[in-house]
Amino acid sequence: MTEARRIVVKVGSSSLTTASGGLDADRVDALVDVMAKVRGTGPGGGPAASREIVLVSSGAIAAGLAPLGLTRRPHDLAGQQAAASVGQGLLVARYTASFARYGVRVGQVLLTGDDMSRRAHYRNAYRTLDQLLSMGAFPIVNENDTVATDEIRFGDNDRLAALVAHLVRADLLVLLSDVDGLYDGDPSRPGTSRIEEVRGPEDLAGVEIGSVGKAGVGTGGMVTKVEASRIAAGAGIPVVLTSASRAADALAGRDTGTYFHPTGRRSAGRLLWLAHASAPTGTLTLDDGAVRAVVHGKKSLLPAGIAAVEGEFGAGDPVEMRDTDGRLVARGLVSFDAKELPQLLGRSTRDLAKELGPAYEREVVHRDDLVVLHPWNG
């Protein structure tokens, strides 16, 4: 942890705002103080930081509640977008003023699920964040709530933080909330204890994981933080989960919170999004041969192996792939519209090319746009 040079820090709404909505300037300043100290400066006091930090900050919707006269987070998407529109400016302005005390400029980066799934967007997001860091600016990332729809939302900023950590090739992910780690039960009940390390899913067997906190201004909770930790750890990135008040301890490598050991290796960022953050718009039912080819043979999905199609989707949309018993085995980006596929089912690409033209001599889901989710033994 102490050797991590590029770090992604995520902070939740409840750690930045009051329960009634509105930013708590003292809390924001306290967090900035910690990050500015850890960040340091480059050789000779230049703009380049000795350690790089990307902040994924919730709080835009919560910050917009009080100015709009709202007493609680809206349930409808339009209300959330309106609150985010007002709150995002206030949030970044507060960070800008706070970091200005250290002579550090802030750069705002707003992302949607589309930016993680589309190759060009993904590369552009990486280049922007990398350039901000190299120029000594401090990137602050949030979901673009003002335009994101239900279909392309990350769902919570914990998951966004895990994907951003992979995007920027971070050495460490720190998740900050109002709880100082993962407990083996309700931390407010006597007899529960903090789980110091998680090496794999078996360490969480039987653990009671809570949901959204009492403040009610965020969308996450411990469930989403554990899921985000699993995503990041599965991509080879260690994770520390602790409270915002313990941020200094976490970034200094001191004993605090819960440490999630890496469990896997880095993969293509689009595939990480596809597996953990995409919202499938259709389902392809595969025969046994196709499932075997996709899961074990690491092959692309061809029209000949598809038994049925459900849903309404366009080329490039994410779809689920299930076996004939309905078990989910994979997810991928489809190359055809839903209305085109029925005439292709069960047919070879060679025959389709002869009848319909060379444009149809291609995979329904290419291997590079496919991720296996569950093992399959027939």
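What follows is a short chat about a predicted model of a protein chain.

Me: How many helices and strands does the protein chain have?
Reply: The secondary structure of this predicted model comes to eleven helices and 13 strands.

Me: And how much of the chain is buried?
Reply: Of its 378 residues, 51% count as buried.

Me: Next, the inside. Which residues touch the most other members in the largest nonpolar core?
Reply: That core has 40 residues, and Val-8, Val-141, Val-164, Leu-173 and Leu-182 touch the most other members. Several elements each supply at least two residues of this core, among them strand S2, helix H5 (119-134), strand S5 (172-177) and helix H7 (222-234).

Me: Which element gives the most to this core?
Reply: Helix H6 does, with seven residues. H6 covers residues 157-167.

Me: Back to Val-8. What is it in contact with?
Reply: Leaving aside neighbours within four places in sequence, Val-8 is in contact with residues including Val-54, Val-56, Ala-161, Val-164, Leu-173 and Val-174.

Me: What is in the second, separate core?
Reply: The second core has 27 residues, including Val-11, Leu-31, Met-35 and Ile-53.

Me: Why would nonpolar side chains be found together like that?
Reply: In soluble globular proteins, nonpolar side chains tend to be buried together.

Me: Changing topic: is Glu-52 buried or exposed?
Reply: Glu-52 counts as buried because its relative accessibility is 8%, and the cut-off for buried is under 20%. Glu-52 lies in strand S2, which covers residues 52-57.

Me: Which side chain does the side chain of Glu-52 make a polar contact with?
Reply: The partner is Arg-6, with a polar contact of 2.7 Å between the two side chains. Not counting residues up to four places away in sequence, Glu-52 touches Arg-5, Arg-6, Ile-7 and Leu-133.

Me: Which residues make the nonpolar surface patch of about 280 Å²?
Reply: Leu-68, Leu-70, Val-86 and Leu-90 make that patch.

Me: Where is Leu-70?
Reply: Leu-70 is in the loop between helix H2 (60-65) and helix H3 (77-100).

Me: Last one: what share of the contacts with a separation of 6 or more is between residues 24 or more positions apart?
Reply: Residues 24 or more positions apart account for 71% of those contacts in the protein chain.

Note on methods: Residues are numbered from 1 along each chain as its sequence is written. This is a predicted model: local features need pLDDT of at least 70, side-chain atom pairs count only at pLDDT 80 or more; totals for chains, interfaces and linings use all residues. Side-chain values use heavy atoms; hydrogens and water are left out. Helices (H or I, at least four residues) and strands (E, at least two) are DSSP runs, numbered from the N terminus. Buried means under 20% relative accessible area, exposed over 50%, partly exposed in between (1.4 Å probe, protein chains only). A polar contact is a pair of N or O atoms within 3.5 Å; within protein, one must be able to donate a hydrogen and the other to accept it, and residues adjacent in sequence count only if both atoms are side-chain atoms. Contact means heavy atoms within 4.5 Å. A nonpolar core is a set of buried Ala, Val, Leu, Ile, Met, Phe, Trp, Tyr and Cys residues joined through side-chain atoms within 4.5 Å. Patches are made of residues with over 30% relative accessible area and no salt bridge: like charges are joined within 9 Å, nonpolar side chains (Val, Leu, Ile, Met, Phe, Trp, Tyr) within 5 Å. Accessible areas come from the Shrake-Rupley method with a 1.4 Å probe; for residues, only the protein chains shown count as cover. A salt bridge is a side-chain nitrogen of Lys or Arg within 4 Å of a carboxyl oxygen of Asp or Glu.
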